[in-house]
Structures are given as C-alpha cells and as structure tokens.
Amino acid sequence: MQVGRLTFVPAADAAELVAAPVRGHLRDGLWVSAIDPDLADTAAFCDHYGVGLDVSANCVVVEARRADRTWHAACLVLADTRADVNGVVRKHLGARKISFAAMDTAVSLTGMEYGGITPVGLPPDWPILIDDNVIGKDRVIIGSGIRASKLLAGTDVLAGLPNSEVLSIVKTE
C-alpha cells in the first residue's frame, strides 16, 4: 500500500520493523514501512515523505495525579491538532493535575523509543484517548514503537484497542 513516497506492507509480515511491545498486537489493519530514523519527528517526516499532517497522528503520554495516586494514559490526535491536556483530558481522567510524561518515564514504561511511541502495545491498564477526528479518517500513520519505521493503521483497529475511548480531545482556540 502506497502513501506519499512510502510503501507499507502488512505489519505481521515485517514484525522486525516494530518495537517488541508492539509485536504481539500485529493484525489485519496494520501496515508498516521503514523510514529514516532521523526523519521520525512529524514535521520532518511529513515533508520528506510527502504525507499530509491530516493523515498523520501523534501519540502523547500523559501523567495524571490525584492525591497520592499517579497513573499514565495516552492521547492520539491528528498531527495538525493538539490535545487539550489541561482541560478535556485532565477532566476525563479525573485527575487534579496532569502533564506530559517525562521522556525517560515514557520510554521506560512503554518499552518504546521516544518519538516513536504508539498506542499499539501500550501497558494494558492505560487509558487510550483517541480524538474523534482521528477516527474520522479511514487510516492514519502513527509511530511503530521505534523511530526507524511508521505504522499505517486502520482507525477501526485503533478504536478497538483495549481501554481505548473515542472523544473530542482537541484543543480549540
């Protein structure tokens, strides 16, 4: 399958192109393509490979706190939008305080590379909040758990991930 200047193959046929935590979750509706890891960051990736920001999605890890409890969640939004972390996400998770997880925390808890974190293969108890604009697409390009590849995911697969919830989490100005 071709998107921009990338050719994607079924991810189950190229499991070596994804992070170890992702491998056990490969199925129909997920494709993978190798990329230059120096171009994994969204803007550089989209520009170099001819992929629109509106078909690329970013997964961010947040750290929520309430009293003495701390927990993590993931938010998936289109690359041309931003998650309303301090408003919608904080309230939805029932947190008093919320912030983006520190890089070393996100990497150690997910087993994935920073800049390649994906909702596929996250710890099973993490909420995965998916913006409804993502689900409005047929497929989106997301991280693969490593910086050297990207997944092309059917949005039905994303909506079917354990603990996933579809809601409007985009920040509006």
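**Exercise 1. Which residue in E10 does Leu30 stand opposite?**

Solution. The model is predicted, so that local features need pLDDT of at least 70 and side-chain atom pairs count only at pLDDT 80 or more, while totals for chains, interfaces and linings use all residues. Residues are numbered from 1 along each chain as its sequence is written, and side-chain values use heavy atoms, with hydrogens and water left out.

Step 1. Strands (E, at least two residues) and helices (H or I, at least four) are DSSP runs numbered from the N terminus, and two strands pair if DSSP finds at least two bridges between them.

Step 2. E4 pairs with E10 in the antiparallel sense, over five bridges.

Step 3. Opposite Leu30 stands Ala153 in E10.

Step 4. These strands belong to an open, antiparallel sheet of four strands in the order E3-E4-E10-E9. Strand E3 (9–10) and E9 are at the edges with a single partner strand each, so one side of each has no neighbour in the sheet.

**Exercise 2. Determine how many salt bridges the structure holds, and locate Asp41 and its partner.**

Solution. Step 1. A salt bridge requires a side-chain nitrogen of Lys or Arg within 4 Å of a carboxyl oxygen of Asp or Glu; the structure holds three.

Step 1. Asp41 forms one with Arg147, the closest N and O atoms being 3.2 Å apart. Asp41 is in the loop between strand E4 (30–34) and helix H2 (42–49), and Arg147 in the loop between strand E9 (139–143) and strand E10 (149–154), so the pair ties together parts 106 residues apart in sequence.

Step 2. Asp41 has a relative accessible area of 43% and is partly exposed (buried is under 20%, exposed over 50%, partly exposed in between, with a 1.4 Å probe and protein chains only).

**Exercise 3. Describe the salt bridge between Asp54 and Lys137.**

Solution. Step 1. The closest N and O atoms are 3.8 Å apart.

Step 1. Asp54 lies in the loop between H2 and strand E5 (57–66), and Lys137 in the loop between helix H5 (132–135) and E9, 83 residues apart.

Step 2. Asp54 is partly exposed at 35% relative accessibility, and Lys137 is partly exposed at 25%.
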